[in-house]
Amino acid sequence: MELLYLYIKRYDNVFENQQINFSSNYNIEYKDGCLNIEYKDNNMKGYYGDNIKNITLLHGKNGAGKSTLLDLLGMRLDDRRRNSHRKENRRSYFLMYHLYDNYYGFEFSDSSYIEGDQKITNINMHGIEVRQSLYKPWVSLIFSLEDNKLVYKNNFFKRWMEENGERAETRYAYITEDKYNSRINSNFVSEDDGEYIFARKYYINGICYEYLYKYLIYMKNKDEFWETVSSFV
């Protein structure tokens, strides 16, 4: 699994109409209602070893929104629901992942991206009603990419991966030193999100750089391939 892209329609007073590509393997652009996905040759492929697909550096001035962005990526399911429900008119965005082959996963903050006048035009729900696929906030959807059309397949990440012979215990490691983050509920440090979205594993400690270093070394030296995303503030 690889985190590819984030589109933010709005997020409080911090972001508006922002697009962020996290991968060196793809060019992705949301333009005129169409989500264009282009695979590209990456000359740096394998630079970090076989177990790490990519490392992305975020930089900017204080107050530019770096921590907010990483929190947005790192929030587990209950945190997303808790934060998005209370501010649903101020927060709208989606995350996109490459799963394997031509299959891609999306985490949508609301249904506006798959229904209505402002939906993504190259999504094909294959006759499935929105209430059947996105029946609660932050249930993630799986699509196959066919001639730049995203064809709906399923809405249970873990079950889909298991049924198709892929590793279901993919983890998203969130390494931070902010123990008092209002967006992250530290009561759920050891929990996961089951069927609905990729589980976030928190490493909350004052020496976050040491944890990050150890985690990357662990990933680099694993004998068995294990795909993940790591982020820190």
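Me: If two strands pair when DSSP finds at least two bridges between them, which residue in β5 stands opposite Y11?

Reply: Y11 stands opposite R91 in β5. Strands (E, at least two residues) and helices (H or I, at least four) are DSSP runs, numbered from the N terminus. Please note that this is a predicted model: local features need pLDDT of at least 70, side-chain atom pairs count only at pLDDT 80 or more, and totals for chains, interfaces and linings use all residues. Residues are numbered from 1 along each chain as its sequence is written, and side-chain values use heavy atoms, with hydrogens and water left out.

Me: How many bridges join β1 to β5, and do they run parallel or antiparallel?

Reply: There are 8 bridges between β1 and strand β5 (residues 91-100), and the two run antiparallel. β1 also pairs with β2, again in the antiparallel sense, over 6 bridges.

Me: How many residues of α1 are buried?

Reply: Of the 9 residues of α1, 7 are buried, so the helix is largely enclosed by the rest of the structure. Buried means under 20% relative accessible area, exposed over 50%, and partly exposed in between (1.4 Å probe, protein chains only). The buried residues of α1 are T68, L69, L70, D71, L72, L73 and G74. β1 is mostly covered as well, with 9 of its 10 residues buried.

Me: What does the side chain of E107 make a polar contact with?

Reply: The partner is the side chain of Y97, at 3.4 Å. A polar contact is a pair of N or O atoms within 3.5 Å; within protein, one must be able to donate a hydrogen and the other to accept it, and residues adjacent in sequence count only if both atoms are side-chain atoms.

Me: Changing topic: which residues of the largest nonpolar core touch the most other members?

Reply: They are Y5, L35, F94, M96, F106, F108 and F143, out of 25 residues in that core. The elements giving two or more residues to this core are β1, β3 (26-31), β4 (34-39), β5, β6 (103-108), β8 (141-146) and β9 (149-154). A second, separate core of 24 residues includes L6, F15, M75 and L99. A nonpolar core here is a set of buried Ala, Val, Leu, Ile, Met, Phe, Trp, Tyr and Cys residues joined through side-chain atoms within 4.5 Å.

Me: What does M96 touch?

Reply: Not counting residues up to four places away in sequence, M96 touches E2, L3, L4, Y5, I28, L35, I37, Y104, G105 and F106.

Me: How many salt bridges are there?

Reply: The count is 2, a salt bridge being a side-chain nitrogen of Lys or Arg within 4 Å of a carboxyl oxygen of Asp or Glu. In one of them D12 meets R90, with the closest N and O atoms 3.5 Å apart. D12 lies in the loop between β1 and β2, and R90 in the loop between α2 (77-86) and β5, so this pair ties together parts that are 78 residues apart in sequence. R90 is partly exposed, at 39% relative accessible area.

Me: What is the N to O distance between R91 and D12?

Reply: The side chains of R91 and D12 meet in a salt bridge at 2.7 Å. This pair links R91 in strand β5 with D12 in the loop between β1 and β2, 79 residues apart. Both R91 and D12 are buried. Salt bridges that share partners join D12, R90 and R91 into one network.

Me: What about the backbone of D12, is its phi positive or negative?

Reply: D12 has a positive phi of about 50° although it is not a glycine. Most residues other than glycine have a negative phi. D12 sits in the hairpin of β1 and β2, which has 3 residues between the strands. N17, in strand β2, likewise has a positive phi of about 50° without being a glycine.

Terms used: Pairing = 2+ DSSP bridges. Contact = heavy atoms within 4.5 Å.
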